[in-house]
Amino acid sequence: MIRAFLHASTRRFARAFNYNAQYQHDMIDTDPRAGVRLALFQMVSNYAGPASAHHVRMGAMVGSAFEGDCGPCAQLTVDMALAFGARAADIQACLNGQANAAGDFGLGYQFAWAAIRGDDNLDALRAQIEGAHGPRAIIAASFAAAFTRTYPVLKRGMGHGKLCQRLDVGGTPVTLTDPTPA
């Protein structure tokens, strides 16, 4: 019964974002307990923080995905960010190395890269986010940066990693020039 519930939930998610979630189905078929843990992980890792920092969090999700992936997981994260209100122009700016032009979204994008890589500008980015949105925004951006990258790693580990692909951002094809924040 739990297996059927997990598969149905995975199919709904995959349909909503036009995403190939075969790795989740394989996990559920192999060990439903792992599927339950993945579902719980998704709930636990989805800390939103304050409403004012929504675009910071979305930027951190996309930044984390692109720091570790350039295939289907990256596309999924772009699609989710757009569905949750991110502006296509902000995403495109970040993916083309112009995060400074993308407002709070770009700030979150830069924060994710800095947190993941331990960059020297992390403290300044953290101070900027906290100054504008408070300490809960730092937690939300940190959760997004840390946990979004779990999915590409999990997929590659299970043999479902894909090669880089051209991305679609709100109907516009984007070929990455340099997704590294400026």
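Visitor: Which residues are buried in α9?

Guide: This is a predicted model. In α9, the buried residues are A137, I138, A140, A141, A144, A145 and T148.

Visitor: What puts them on the same side of α9?

Guide: The arc they cover. Around the axis it is only 165°, so they sit on the same side of α9.

Visitor: What covers the buried residues of α9?

Guide: The cover includes α4 (54-68), α5 (72-83), α7 (103-117), α8 (122-133) and α10 (150-157).

Visitor: How do you know that the span of helix α9 agrees with its 14 residues?

Guide: Helix α9 runs over residues 135-148. At 1.5 Å a residue, it should span 20 Å. Its end C-alpha atoms are 20 Å apart, so the two values agree.

Visitor: Why are α4 and α5 called roughly antiparallel?

Guide: Their axes cross at roughly 170°. Angles over 145 degrees count as roughly antiparallel. Therefore α4 and α5 are roughly antiparallel to each other. Their axes come within 9 Å.

Visitor: Which residues make the contact between α4 and α5?

Guide: From α4 come M58, M61, V62, A65 and F66. From α5 come C73, A74, T77, V78 and A81.

Visitor: Why is Q75 called buried?

Guide: Q75 is found in helix α5. The relative accessible area of Q75 is 12%. Buried means under 20%, so Q75 is buried.

Visitor: What does the side chain of Q75 make a polar contact with?

Guide: Its partner is the side chain of D79, at 2.8 Å. The cut-off for a polar contact is within 3.5 Å.

Methods:
Residues are numbered from 1 along each chain as its sequence is written. This is a predicted model: local features need pLDDT of at least 70, side-chain atom pairs count only at pLDDT 80 or more; totals for chains, interfaces and linings use all residues. Side-chain values use heavy atoms; hydrogens and water are left out. Helices (H or I, at least four residues) and strands (E, at least two) are DSSP runs, numbered from the N terminus. The expected span of a helix is 1.5 Å times one less than its number of residues. Buried means under 20% relative accessible area, exposed over 50%, partly exposed in between (1.4 Å probe, protein chains only). The arc is that of the directions from the helix axis to the C-beta atoms. Contact means heavy atoms within 4.5 Å. A polar contact is a pair of N or O atoms within 3.5 Å; within protein, one must be able to donate a hydrogen and the other to accept it, and residues adjacent in sequence count only if both atoms are side-chain atoms. Axes are lines fitted to C-alpha atoms, for helices over the stretch in contact, and angles run from 0 to 180 degrees between N-to-C directions. Angles under 35 degrees count as roughly parallel, over 145 as roughly antiparallel, 65 to 115 as roughly perpendicular and the rest as oblique.
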